Amino acid sequence: MLRYAMGRLGVAVLVVLVVSVIVFGLTHIAADPARAMAGENATAADVEAIRKAEGFDRPLPVQYLEWIARAASGDFGRSYLMKEPAVELVVHRLPITLSLGVMALAFAVALAIPLGVAAAVRQNSLVDRFALALAVLGQALPNFWFALVLIVVFGVWLQWLPTSGSETWEHLVLPAVALGYYATPALMRLTRTGMLEALGSDYVRTARAKGLLTPSVLFKHALRNAVIPVVSLAAVQFGFMLGGSIVIEAVFSLHGVGYLAWESIQRSDLPVIQAIVLMIALFYVVLTFLADLLNGWLDPRLRVAVA
Amino acid sequence: MTAAQPTGAAPAPVAPGPRTLAWRRARGHLGLMTGAGVLALILAMALLAPLVAPHDPYTGSLARRRIPPIWHAWLYDSPKAGWTYPLGTDRLGRDYLSRLIYGSRISLVIGVSAMLISGFIGSTLGLLAGYFGGKVDMIVNFFVTTRLSLPVVLVALAVVALTGSSLLVLVLVLGLLLWDRFAVVMRAATQQARSLDYVAAAEAIGCSTPYLLLREVLPNVLNPLIVVATIEMANAILLEAALSFLGLGVRPPQPSWGLMLAEAKEEIFFNTWMIALPGIALFVLVLSINLLGDGARDVTAPENRN
């Protein structure tokens with residue numbers, strides 16, 4: 001297990017390093033940091049002065065090494081516009097995005113697992129067909145449009161829930177639904193497949209033959225096995241949600257990390273963009289690493305296969 | 001044998017080949033046929049946009065701003081609504097129907113081109129990883145993991161915004177970001193095909209590796225490839241719409257559906273239909289592509305249906 005964990009950890013660290021090169025490269029090739037820092041009204045001389053002063057005229061690899069060394073100690077530089085450390089800006093906004101992500105994932109799981117189990121237990125029944133139809137329709141629904149529809153229906157017509165801002169948990173309900181439903185089809189399908197497989201397997205048949213009641217077999221034996229891949233998919237989906245919340249945060253004016261990213265991108269605030277992309281990537285890598293560990297712990301066969 | 005057959009019927013053919021069988025299944029598959037039909041309609045609409053669209057999508061008139069769609073005449077007795085602008089006009093007085101029709105061109109062009117680029121990158125990587133295994137497999141696997149840890153919307157948004165958005169940049173960025181699923185699926189399919197007898201036989205008689213990959217393996221992994229292609233095309237279309245909606249994708253006055261939604265967002269309290277229409281258009285297009293993909297999977301690999 002330790003060897004397996006170390007192997008996974010090595011890959012994770014390497015992934016983060018490569019991502020950091022990509023993030024740095026993209027922001028420095030796609031934009032001119034000196035110009036972005038100088039602002040829109042700067043003269044060419046101003047830009048050149050900043051380029052010299054900040055060392056943007058040095059070779060890119062040198063700049064990268066300096067940047068990554070600082071980033072490793074948590075210093076991504078200061079925002080060009082807000083003059084605050086980029087990391088502080090992100091950390092300040094993180095709670096909103098994290099609570100949004102957690103609520104969205106909770107919504108997705110709460111919908112996906114019961115539906116997936118029901119669809120598998122009653123395969124090809126009305127429930128099953130309904131679940132599959134829901135999955136197909138859900139996957140085609142653009143999330144920002146669904147968010148607008150939610151605003152119109154629950155905010156404007158029914159006036160049940162607030163549609164912008166982030167003061168109370170109620171402000172997060174509609175955004176969480178808009179963000180979470182998109183993960184539901186994949187989670188539901190995986191639960192259904194896993195349950196079908198588990199229900200057809202020998203140990204479930206044995207359990208049934210031993211005279212165990214159906215609910216007990218269903219939840220203690222079948223679901224426990226079916227849920228393993230669902231857990232790692234959920235971890236991955238959580239990572240995607242943090243990255244994808246930008247659209248939802250923009251629609252609902254939630255001032256989380258996504259909103260910050262949107263603002264920073266519009267203003268070419270490179271340090272903040274770099275910090276956000278790298279932190280989300282790091283978060284995703286940590287999540288998948290933990291999911292790998294969990295899987296390796298639950299299923300010893302994996303340890304041999306990958307290590 | 002012959003007596004059992006009604007006279008005049010075609011003589012019993014040899015057992016139908018897999019292609020004939022797949023075609024028969026396809027014709028009986030409701031989802032596939034619906035998806036293909038709707039997609040064909042949208043495609044025709046996009047190609048014939050100048051002929052189909054009743055007005056110019058770019059010229060508006062301030063005198064004809066915010067005309068409601070035709071059903072407002074039936075439901076709410078709106079005096080402004082009429083057949084001249086069946087789906088109404090936007091806040092600049094441009095015909096909504098014509099903009100929707102021209103918008104399908106943007107979605108389809110971006111969807112297809114991004115899918116082709118990502119398909120090329122992903123399936124090449126997957127083919128190599130699945131065929132050679134070992135070190136190559138490990139490297140490709142690493143690429144996929146790295147790609148997955150980059151948040152797509154954020155990176156696409158940043159690159160498109162920083163380089164200045166154009167259709168070409170948009171297509172390239174999406175193409176370079178959406179290849180992961182191609183690689184994963186291709187790798188698995190190639191591994192399977194590699195263990196088949198005829199591949200081993202071709203290898204044994206000394207066929208070159210490129211020949212083996214392109215002539216023996218590739219044709220046998222095309223089916224899953226088609227399914228992934230539909231998924232990624234739908235993905236690219238949704239992403240373009242999202243980027244344009246955030247104001248950092250397709251530029252105005254282009255009639256991108258995402259951009260139309262961004263403009264309609266200002267009217268959310270007054271003209272709900274303006275939000276409804278481009279969203280429904282996107283939904284129908286993506287749904288038809290997904291139905292086509294799901295159907296293709298059912299038809300070509302019925303054993304994987306669950």
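User: Where in chain B is B:Arg66?

Analyst: B:Arg66 sits in the loop between helix 3 (49-52) and helix 4 (71-75) of chain B. Helices are DSSP runs of H or I with at least four residues, strands are runs of E with at least two, and both are numbered from the N terminus. This is a predicted model: local features need pLDDT of at least 70, side-chain atom pairs count only at pLDDT 80 or more, and totals for chains, interfaces and linings use all residues. Residues are numbered from 1 along each chain as its sequence is written, while chains are lettered from A and ligands numbered from 1 in the order in which they are written.

User: How many helices and strands does chain A have?

Analyst: Chain A has 14 helices and zero strands. Its C-alpha trace spans about 85 × 60 × 30 Å along the principal axes. Of the 307 residues in chain A, 43% are buried.

User: What share of the contacts in chain A joins residues at least 24 apart?

Analyst: Two residues are in contact if their C-beta atoms, placed from the backbone, lie within 7 Å. Among contacts in chain A between residues at least 6 apart in sequence, 74% join residues at least 24 apart.

User: How do I read the packing of helix 2 of chain B on helix 14 of chain B?

Analyst: Two packed helices are described by the angle between their axes and the distance between the axes. Axes are lines fitted to C-alpha atoms, for helices over the stretch in contact, and angles between N-to-C directions run from 0 to 180 degrees. Here the axes of helix 2 (residues 30-47) and helix 14 (residues 272-300) of chain B come within 7 Å and cross at roughly 140 degrees. The two are therefore oblique to each other; angles under 35 degrees are roughly parallel, over 145 roughly antiparallel, 65 to 115 roughly perpendicular, and the rest oblique. Residues making this contact include B:Gly31, B:Leu32 and B:Leu39 of helix 2 and B:Val284, B:Ser288 and B:Asp294 of helix 14 of chain B. By type, the contact residues are 12 nonpolar, five polar and one charged. Ala, Val, Leu, Ile, Met, Phe, Trp, Tyr, Cys and Pro count as nonpolar, Asp, Glu, Lys and Arg as charged, and the others, Gly among them, as polar.

User: At what angle do helix 1 of chain A and helix 6 of chain B pack?

Analyst: They pack at about 60 degrees, with their axes 9 Å apart, and are therefore oblique to each other. A:Val11, A:Val15, A:Val18 and A:Val19 of helix 1 of chain A meet B:Phe142, B:Thr145, B:Thr146 and B:Ser149 of helix 6 of chain B. These contact residues divide into five nonpolar, three polar and no charged.

User: How many residues does each chain give to the contact between them?

Analyst: Chain B gives 37 residues and chain A gives 39. On the side of chain B, helix 6 (134-149), helix 7 (152-163), helix 12 (222-245), helix 13 (257-265) and helix 14 each supply at least two residues. That side divides into 27 nonpolar, eight polar and two charged residues.

User: How many residues are in the largest nonpolar core?

Analyst: A nonpolar core is a set of buried Ala, Val, Leu, Ile, Met, Phe, Trp, Tyr and Cys residues joined through C-beta atoms within 7 Å. The largest one has 180 residues, and those with the most contacts inside it are A:Ile276, B:Ala156, B:Leu157 and B:Leu174. Helix 11 (residues 214-252) of chain A gives the most to this core, with 19 residues. Not counting residues up to four places away in sequence, A:Ile276 touches A:Val90, A:Val257, A:Leu260, A:Ala261 and B:Leu154. B:Leu174 is one of the buried residues of helix 8 (residues 167-177) of chain B, and what covers those buried residues includes helix 5 (96-132), helix 7 and helix 12 of chain B.

Notes: Buried ≥ 20, exposed ≤ 12 C-beta atoms within 10 Å, placed from the backbone.
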